[in-house]
Amino acid sequence: MTSAALVKTEYEAIIGLETHCQLSTNTKIFSSSSTAFGGDPNTNIDPVCMGLPGVLPVLNEKVLEYAVKAGLALNCQIAKYSKFDRKQYFYPDLPKNYQISQYDLPIAEHGWLEIELVDADGNPVRKRIGITRLHMEEDAGKLVHAGSDRLSGSTYSLVDYNRAGVPLVEIVSEPDLRSGQEAAEYAQELRRIVRYLGVSDGNMQEGSLRCDVNISVRPIGQKEFGTKVEIKNMNSFNAIQRAIEYEIERQIAAVEAGERIIQETRLWEEGSQRTISMRVKEGSSDYRYFPEPDLAPIEVSDEQLEEWRSQLPERPAQKRHHYENELGLTAYDARVLTEERSVAEYFEAVIAAGANPKAAANWITQDVAAYLNKNKLNITEIALTPTNLADVITRIENGKISNAIAKEKLPELLDGRSPEELFKGKELITDPSVLESIIDEVMAANPKELEKFRNGNTNLKGFFVGQVLKKTNKLAEPKLTNQLVEKKLNG
């Protein structure tokens, strides 16, 4: 056997995501029924979403606004002219037997978003992922299969049309992703963006954000793509990553065994941690698209486009760059602070009130975050104002109070009590002569420990510092106390 024959082929994955994002409008895309989640089955319905004879759809203007804003935030080109199409869809959860969607003239195309991963050294690694298109469409209803989580094995099925007609945007990425980690981060960044905009709550558990993965493998260096497989039924970012990692290994093993990869749709089984075949993948010809005759084409004027553009907030990636490059925060801190828009705005209000950015980041990402997680609260629900937190941080920086005392009083600060009230009489002792007198008293009260220290047990320095802090109710300024104790012990 030649040495060339022993060289193991290395493969790379080619991954793209199709993400359905439910828009946070009060009513459906073409009718006035509520989009509220969790209602009794078949209560949020009307003749339009049920496809009854003689009814006509009317586009919800808010859906168009949200779709355009999402497209702008994803750096897309917004179409001056677009239209709706009928996508033939013969399935019990869509009573019209067609879905109103967009096919060849979507509302937005040719965009990108930036993902940011953190390497082993804590440095940010950034990559731009292309967005092929973003288009509007209506959601289908929901089938509930009794006795199984899918049609196979169930004894009967029930249908709930509450979700039929709920507005969606479908966002299709370019095949620029190469790993499960990158794909999970792309989905999370997409969720951050739509939540920052306020156009969607991005709740995966409620189906507000649903991702389908298209994945193929090819030998490194090969230009042609392998056969694409779609994976559905992933309800978390972690599941997206695990499903992709499994499917990469499955496809590589199949290729190396000489088996043919077929274009199909597979499901992710959470219990068994594997993908299973669902159906052979349909092509666009199977849907028999044609222009929707009941809806006029859409034209977005330059004036309207610029008005919506002016309403966009700063996006998460922009904030991360600002925090890392201008405020000197680590990539990790910047990522945590920008996960939610409300947290980023709270942080910015704290530093606007005069706090040191790094100290503010530490308080928010550690102590405040721990309280929020424990009590399942949003940062907008706490009584600790940004101004009061900045006051606390400034007092610590100026040596007026210790970090330990501030942390001890944090529960009361979070309940809304002011720093002036809490720290009155709690100012640190910074007068060297006062501290030296207290240190002398401590040394006189502990002659055995003093003798042990001077006989070589230098670890007892911490004991003396602790005794001084105890005697002063933790009001001795820590750094100065350490210096003076060391000076006295070695004197």
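Helices (H or I, at least four residues) and strands (E, at least two) are DSSP runs, numbered from the N terminus. Welcome to a predicted model, where local features need pLDDT of at least 70, side-chain atom pairs count only at pLDDT 80 or more, and totals for chains, interfaces and linings use all residues. Residues are numbered from 1 along each chain as its sequence is written.

**First stop: the sheet.** Select β4 (residues 85–88), which is joined to β5 by four bridges and runs antiparallel to it; two strands pair if DSSP finds at least two bridges between them. Click on Lys87 and look across to Gln99 in β5, which stands opposite.

**Second stop: two helices.** Show α8 with α10 (residues 386–397): they pack at an angle of about 50°, and their axes are 8 Å apart. Axes are lines fitted to C-alpha atoms, for helices over the stretch in contact, and angles run from 0 to 180 degrees between N-to-C directions. Angles under 35 degrees count as roughly parallel, over 145 as roughly antiparallel, 65 to 115 as roughly perpendicular and the rest as oblique, so α8 and α10 are oblique to each other.

**Last stop: a lining.** A pocket here is an open set of points on a 1 Å grid over the protein atoms alone, where a 1.4 Å probe fits, with protein on both sides within 12 Å along at least five of seven lines; lining residues have an atom within 4 Å of a point. The largest share of this lining, five residues, comes from α9. Finish by selecting Glu340, Val343, Leu372, Asn373 and Leu377, the closest to the pocket's centre of the 13 lining residues.

Notes:
Heavy atoms only, no water.
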